Amino acid sequence: MITGTSQADCAVLIVAAGVGEFEAGIGKNGQTREHALLAFTLGVKQMIIGVNKMDSTEPPYSQARFEEITKEVSAYIKKVGYNPDTVAFVPISGWHGDNMIEPSEKMGWYKGWEIKRKDNTVTGKTLVNALDAILLPERPTNKPLRLPLQDVYKIGGIGTVPCGRVETGLLKPGMNVTFAPSGHSSEVKSVEMHHQAITEAGPGDNVGFNVKNLSVNEIRRGM
């Protein structure tokens, strides 16, 4: 979870609206608090909050419950370091699909979310709208390749396959790469993302790449 969070451009924090569930999550050792703090600590500057299980509130799809949760979570994420004005709060029901892709008729009281930024204000009604409004970070493709390794695998018939996320630069088949601090160098035979061979990987891409003449004992996670 920590590895995945550290690579994210935006955190989607799902908060359960059910009776007792929200209170457990926002309590002293609750996961809502832990995950919000973890996301900010690991450098995830954008956040979307989905208030889930709106169908199980008392009464179902309660406006008062949504506003109560929004108020409490806003206060907490502000303490963590987020600006609540830049966070979209979306009341949803994952089970029934309310406000996930299309606006729900069951929450007619919900007028939509609003994100205030320095140069503009963005609005929407659904979780997908909020995801579409994420600001894309700058992708530094013109810098030297930097790819911290998450894992190194030995795959039968292929060989040694290091995996990681490209932070800067470009990774292409045929190029020579050097692993620090060991200093081992090798040629990249192929690059894959989501089990498909690609000709080029850029910043933000999670990839696996096959290297020549290196064993899994010579390179390892963290290089």
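Modeller: In this predicted model, two strands are said to pair if DSSP finds at least two bridges between them.

Colleague: What makes β9 and strand β10 a pair?

Modeller: Strand β10 covers residues 196-198, and three bridges join β10 to β9 in the antiparallel sense; the definition asks for at least two bridges, so β9 and β10 count as paired. Within this pairing, Val191 stands opposite Ile198 in β10, and in the hairpin of β9 and β10, with two residues between the strands, His194 takes a positive phi near 55°.

Colleague: How do you know that strand β8 pairs with strand β9?

Modeller: Strand β8 (residues 176-179) and strand β9 (residues 184-193) run antiparallel and are joined by four bridges, and because at least two are required, they are called paired. Asn176 has Glu187 of β9 opposite, while the hairpin of β8 and β9 has four residues between the strands, and there Gly183 adopts a positive phi near 85°.

Colleague: What makes β9 and strand β11 partners?

Modeller: Strand β11, residues 206-211, runs antiparallel to β9 and is joined to β9 by four bridges, which meets the requirement of at least two, and therefore these strands pair. Here Ser190 stands opposite Asn210 in β11.

Colleague: Turning to Arg65, why is this residue called buried?

Modeller: Arg65 has a relative accessible area of 10%; buried means under 20%, so Arg65 is classed as buried. Arg65 lies in helix α4 (residues 63-80) and, not counting residues up to four places away in sequence, touches Ala17, Gly18, Val19, Gly20, Phe22, Glu23 and Thr57.

Notes. Residues numbered from 1 in each chain as written. Predicted model: local features only at pLDDT ≥ 70, side-chain atom pairs only at ≥ 80, totals over all residues. Heavy atoms only, no water. Buried < 20%, exposed > 50% of the residue type's maximum accessible area, 1.4 Å probe, protein only. Contact = heavy atoms within 4.5 Å.
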